[in-house]
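Subject: Structure handover

Hi,

Here is the structure I promised to pass on. Have a look at it first, and then read my notes below.

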Amino acid sequence: MAAQFGYRLALIAFATATLRGALTGTDFEGTLQSALWAGVLFFALGMVCGELAGRVVEEQVEAEFERLLSGTDGVTAKSPAQSQHRSQSAE
């Protein structure tokens, strides 16, 4: 997940810096250099954010799995007598 975030952010940063340089009419070498630096920096930022996101997702899945295994899904368990009593009173 971290690498995917890094690649995407780097591509967006590179494209944005390149487009900015083309629209402002700066020289090719300066535009390419700033676009490459932006890509490298945003790749690193994306790796950090992606790693954090991956850990959050893993922790949430782990907590949900533990909750399901323990049988406490937030609903109180009813005895068969309570369920039968409610169905008879509804009739």
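How many salt bridges does the structure hold? There are 2, where a salt bridge is a side-chain nitrogen of Lys or Arg within 4 Å of a carboxyl oxygen of Asp or Glu.

Before the details, keep in mind that this is a predicted model, where local features need pLDDT of at least 70 and side-chain atom pairs count only at pLDDT 80 or more, while totals for chains, interfaces and linings use all residues. Residues are numbered from 1 along each chain as its sequence is written, and side-chain values use heavy atoms, with hydrogens and water left out.

On to the salt bridges. E51 pairs with R55, and their closest N and O atoms are 3.1 Å apart. These two sit 4 residues apart in helix α2, so about one helical turn separates them (helices are DSSP runs of H or I with at least four residues, numbered from the N terminus). E51 is partly exposed, at a relative accessible area of 39%; that label covers what falls between buried, under 20%, and exposed, over 50%, using a 1.4 Å probe and protein chains only.

R67 and E64 make a salt bridge too, with 2.4 Å between the closest N and O atoms. Both belong to helix α2 and are 3 residues apart, about one turn of the helix. R67 is partly exposed at 29% relative accessible area, and E64 is partly exposed at 36%.

There is also a surface patch of negative charge, formed by E58, E59, E62 and E66. Patches like this take residues with over 30% relative accessible area and no salt bridge, joining like charges within 9 Å; Asp and Glu count as negative, and the place of a Glu charge is taken as CD. The areas come from the Shrake-Rupley method with a 1.4 Å probe. E66 lies in helix α2, which spans residues 28-70, and is partly exposed with a relative accessible area of 49%.

Now for helix α1, residues 2-24, where you'll find T18. T18 is partly exposed at 32%. Beyond its neighbours within four places in sequence, T18 is in contact with T31 and A35 (contact means heavy atoms within 4.5 Å). T18 and G30 are 12 residues apart in sequence, with 9.9 Å from C-alpha to C-alpha.

Last, L32 is in helix α2 and counts as partly exposed, at 33% relative accessibility. Its C-alpha atom is 8.7 Å from that of F14, 18 residues away along the chain.

Cheers

How values were computed:
Patches are made of residues with over 30% relative accessible area and no salt bridge: like charges are joined within 9 Å, nonpolar side chains (Val, Leu, Ile, Met, Phe, Trp, Tyr) within 5 Å.
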